Amino acid sequence: MGKQGRGWTVGLAGLLSPVTLWLGLFFLVPLLLILAYSFGKSGIYGGITLGFYPGNYLKVFDPLYLEIIVRTFVIALLNTFLCLLVGYPLAYFITFKGGRHKHTLILLVMIPFWTSLLLRAYAWVVILGGDNGIANRLLQFLHLTDHPLTLIFTPQAVIMGMVYSYLPFMILPLYAALEKFDWRLKEAAQDLGASRWHTFWRVTFPLSLPGVIAGSILVFIPSAGEFVIPNLLGGARTVMVGNLIQQQFLQARDWAFGSALAVMLAVLLVGAIMFYVRRVGADKLEEV
Amino acid sequence: MAFRRRISRGDFLRTMGAGVVAGSTLSVLACQPNTTAQNSGGGGSGPEEKELNLYNWSDYVAKSTLPDFQKQTGIKVTQDFFSSNEELLAKLQAGGTGYDVIVPSDYMVSVMIKSDILEQLDMSKIPNFKNVGANYKGLGYDPDNQYSVPYQWGTTGILYNKKRLGTLEPSWDPMWDPDNKGKIGMLNDERETPGAALYKLGYSVNATEKEQLEEAEAELIKQKPLLRGYFDSTQNRPSVINGDLLLGHVFSGDAFLALSSNEDLDYLIPEPAATRWTDNMAIPKGAEHPDNAHKFINYILGAKTGATLSNYTYYNTPNEAALPMIDDALKNLPGYELEPSVFDRLQIIEDVGAATREYSTLFTSVKSS
Amino acid sequence: MGGAKGGPVYRGVQKVPDRVLLVFAGLVYLFLYAPIMVLIIFSFNSTKNTQVWTGFSTQWYGALIRDGSVLNAFKLSLTVGLTATAIATVIGTFTALALSRYEFRGKTFADSAIYAATVMPEIVVGVSLLVFFVAATIPLGIVTIVIAHVAFCISFVTIVVRARLSGMDRSVEEAAQDLGANPVQTFLRVTLPLILPGVMAGALLAFTLSFDDFVITFFVAGVGSSTLPLKIYSMIKFGVSPVINALSTVVMVSTMILILGGGRILARRQGNAS
C-alpha cells in the first residue's frame, strides 16, 4: 500500500470519505453554525437574525455571567485537583503494590467507569438527602456532629458528586502511564542513595506526567461543561456555564447568547488545554 | 483497556460483530413506524394511519386514558414528555417534529401563536368543547379558542407541614421566614418564582417595569439563604412528605396528591395573589395526523374521560360535564374547589414579549448570587 | 473492597508509607463502591424508604417490569446503541487505517479534528447539533440521536483501533501482498483478524458511550425517542424511589456481567489459541 499511485489515492479516499462526511457534516458544520449564530441576534420568539452583533460576547463580560464562568472554572479545577490527589496514590498502589491482584484492582476501577453517570449521581442524592439520611446518620454515629447537617444541595455536594463521577477518568490513564514504568530506574535511584520521597519526585512522578496530563484533561473538560450534577446535587443553586447554556437554549429562547457562551466555553477549554500541555510538555501526551 | 489482550483469531468475535450489525439493522427497521421521516403528507387526503404522537408533561394522563382511546378508535398513542414549556417550544421550533398533540400552558400558547407554529382547530370536529366551563375558555392567551382547548387547570401555591408549623395564614411570608431556614423549596421556574416575589410585593405577575423587577430580584436574593434549593414541583412534593422541607412551592396537583396520603400536610393559596394556570391541548403545524389529533382532543373533553383524567392527576378539570364524577375525596381537599373570593385573586401568567429575557436574567442572577 | 483484603505482595521490610497507602487504597475503593452498594441494598427494601432498612422484598423489581415505559426506553437505548456502534465502528476502523497507513497532506488537521471531537464538551456538541438539525429542518427523533451518537463515537473507535494498528507487525500483510492478494483481500483475511480485538474494544467503548449518553441526547431527542438515560433523568426528577434503585441495580449488574464475561471469553480464547 505504501507506493503512491492511483490505487493509493482511491484507497485513501475510500477510507477517509465516510469520516470526513460524518464529522464534517455533524461536527464541524454545527460548530461553525453556532459560531455564526453567536454573532447573530435572537428574535423575541426564538428565531435568529444573522449578522455581526458582538453584543452577545459583550454580554458574556457582564459581571453576572463572568462570575458564573469563573465559578465554573474554579469548580472544574478543584475537581481535577481532588481527582488527582485521590487518584494518584491509588494508581500508584495498584501498579506497584497490586502484585497478582493488579488486574482485578484495575477492573474494579473500570466498572464504575462503565456505569451510568446519572445513576452514580443519583446514589449521592439518596445518601446525602434528608436529615435522617444515611450520611447524616453516619456522621452522628461517628459523633462528628450532634445535629443533622444540610449536606445535599450545597456547592460541596456538587464537588463531591463530580469527584465521584470523574475519579475513574483520572485513575485509568495514570495507571496506563505508571504501568510502562521501568522499575530499574527506581531501583537505580534508590541504589544511589535517594530517599523514597526523593525518588518519587525526581523519577516516578516526572515519568508519569503523560498520565497526569491525560487524566487531568479527561476530568477537567467534562466537569467544566457539566450541567446535570449541579442540577441534581446542587438544587439548582450552584449555577455553572453548562446550566446557563442549557437555559439560553431551552428556556430563555436566546440562541445567539447561548451560542456565544458555547463558543466561549469551547475556546476557553481548548486554550486552557493548550496552555497546560505546553507547560507540562507537549510530546508527553502522545505516549498515552 | 482490559480487552486489548492478544488473540490470534477472532472467530467468536467476528460472529458477534456480524450479529451486532444484523441485529441493529433489523431493530432499526422494526422501529421505523416510530420515526417521522416517512411520508411528509401532513393532513392530505386519504385516511390517516392509526397513530398519534402526544407530547405531554410527565404523569399527566390516567393509566386508562390512552388504552381506552385505542379501544374506541384503534389509534395507538405514543407519548413523550417535556418538563417545561420552554423545552417544549425549543423542540417544536425544530419544525414539524412529528407531534400531533402538545400540551402547552397558557402563556406558552400565546407565544406559539405569535411564533406561528400552531394549527387552527376545526371546532366542528370537537363537539365536546361545549363541556368546557365559561371560566376556562376565551382566556386572554387565545381569546377565541382558535388554537387551543383547555386540558387541566390548577393553582400554584404552598404545600406545608401543618403539624410542625400550625395552620398558616394565606400569605407568601412563611416562604421568607428565617425560622424556616433550610426547609423551604421554591420552584426552579423563571416565571413562577419571580412571580411569587412580585405577588408578595403586591405587583402583577406580568410586571415589566424595571423597578418592580429589581425589587422582586432583591426579595429573592434575600430569600435565597433560607432555601434548600430550586426544584421541580414533583421534587418538592416528596420532600415535604418526608420532612426534608417544611414548605414547598408546588402546583396544586402535587399538593393534593401529597394531602391525600398525609394528614399532617396542608395546601394554601397565598394572598394577595397567586397563579392560576391552564394547560391546553393544541396541534402543532405540520402534524401528520391532524384528524386523529382532533379525535383525541374531543375524546379528552368527554365527560367521563375528563373525570377519569382529573381523578388520576389530582388537578382540576375545566370540563363541567365531568365535575359530578370527580371523586368526593378530591373535592373535599382544601383548595380544590375554590371560593369565588379566592378564585378572583388568582392571576394568569402571560407572555411578556421582550421582557421574557429580563425574567430569565433576573432568575439567573438570583440563583448565582 | 478487594484491595483491602486481597493483600498485595510485600517484599522486604514493611515501611510505614506502604501501610498508609494500603489503607488509603482501601478507603478509595470504599468510596467508589459504598454508594453503589447502598443503591443495591435498598432496591430490596420492603417499603418505599431508600434510607432506612425495613425488610426484604423484590416488589420494586416487579414495579420496574410492569412499567412499560422503562422497558421501551431500554429497548430504544439498545437499538440506538447497537446501530450507532455498528456505524461508528466501521467508520472509525477505516479512519484508523487511513491515519496509520497513509501519509498525506492535511493529516495533522485530520488528527486534530479526531481529538477535538473527543475533548469537545458534550454540552457544546449537544447545542450545536440541535441548532444544526433545526436549521437543516431534520425532525428530531431516533435518526438524529443515532447521527449524534455516531459523531461522538467515531473518534473513540479510531483512537482505540489505531493503538492496536500501531502495535501490529506489518510483515504478515506484506507477505500476503507478495503472494498476490489484493488490498481488499489482505484487509479481510489478514489485517482485520489481527486488529479485531482492538475493533471489538472500540465497539464496546462506543456502545457504552452511546448507551449511557445523556447530555447530547437531551438536546437532539424528539418524538418517540426517550432513551433510558432520559427516562432515568425524568424519574429522578420525580424524587427518590426504590424503583430507580432497582433499575440501577439491573443496569450495574448487567454492566459487570458484560465486562467480566467479555474479559473471560477473550482470555479463554487467548488460552486456546496459544
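A residue is called buried if 20 or more other C-beta atoms lie within 10 Å of its own, exposed if 12 or fewer, and partly exposed in between, with C-beta atoms placed from the backbone. By this criterion, buried residues make up 48% of the 288 residues in chain A. In chain B, 50% of the 369 residues count as buried.

The structure is a predicted model, in which local features need pLDDT of at least 70, side-chain atom pairs count only at pLDDT 80 or more, and totals for chains, interfaces and linings use all residues. Residues are numbered from 1 along each chain as its sequence is written, while chains are lettered from A and ligands numbered from 1 in the order in which they are written.

The model scores ipTM 0.88 and pTM 0.85. Per-residue confidence is given as pLDDT, which runs from 0 to 100. Chain B averages a pLDDT of 86, and 86% of its residues score at least 70. Residues 1–45 of chain B stay under 50. For that stretch the model has 70 contacts beyond four places in sequence; a contact requires C-beta atoms, placed from the backbone, to lie within 7 Å. Chain C averages a pLDDT of 84, with 89% of the residues at 70 or above. Two stretches of chain C stay under 50: residues 1–14, with 21 contacts beyond four places in sequence, and residues 270–274, with six such contacts. Confidence in chain C is lowest in helix 1 (residues 2–6), at a mean of 37, and highest in helix 6 (residues 122–135), at 93.

Secondary structure was assigned from DSSP runs, with helices (H or I) of at least four residues and strands (E) of at least two, numbered from the N terminus. Chain A has 13 helices and two strands. Its C-alpha atoms fill a box of roughly 75 × 70 × 30 Å along the principal axes. Among contacts in chain A between residues at least 6 apart in sequence, 70% join residues at least 24 apart. Chain B has 14 helices and ten strands. The corresponding share of contacts in chain B is 75%.

Within chain A, the axes of helix 3 (63–97) and helix 7 (residues 155–179) come within 7 Å and cross at roughly 45°. Axes are lines fitted to C-alpha atoms over the stretch in contact, and angles run from 0 to 180 degrees between N-to-C directions. Helix 3 of chain A is therefore oblique to helix 7 of chain A; angles under 35 degrees count as roughly parallel, over 145 as roughly antiparallel, 65 to 115 as roughly perpendicular and the rest as oblique. The crossing is right-handed, meaning that the near helix is turned clockwise from the far one by less than a right angle. The contact between the two helices has 22 nonpolar, three polar and one charged residues. Here Ala, Val, Leu, Ile, Met, Phe, Trp, Tyr, Cys and Pro count as nonpolar, Asp, Glu, Lys and Arg as charged, and the others, Gly among them, as polar.

The contact between chains A and C takes 69 residues from chain A and 64 residues from chain C. Helices of chain A that each supply at least two residues to this side include helix 1 (6–38), helix 9 (196–224) and helix 12 (255–280). The largest share, 16 residues, comes from helix 1 of chain A. By class, the side of chain A that touches chain C has 52 nonpolar, 15 polar and two charged residues.

In chain B, helix 3 (residues 85–92) is largely enclosed by the rest of the structure, because seven of its eight residues are buried. Those buried include Asn85(B), Glu86(B) and Lys91(B). Their cover includes strand 2 (46–49) and helix 11 of chain A, together with strand 1 (51–57), strand 2 (76–82), strand 3 (101–102) and helix 4 of chain B.

Backbone exceptions also occur in chain B. Most residues other than glycine have a negative phi, and most peptide bonds are trans. Asp116(B) has a positive phi of about 60°, and Asn145(B) has a positive phi near 50°. Asp116(B) is exposed, with 8 other C-beta atoms within 10 Å. Asn145(B) is partly exposed, with 19. A cis peptide bond, with omega about 0°, joins Glu271(B) and Pro272(B). Pro272(B) lies in the loop between strand 8 (265–268) and strand 9 (274–282) of chain B.

Definitions and conventions
pLDDT = per-residue confidence, 0-100.
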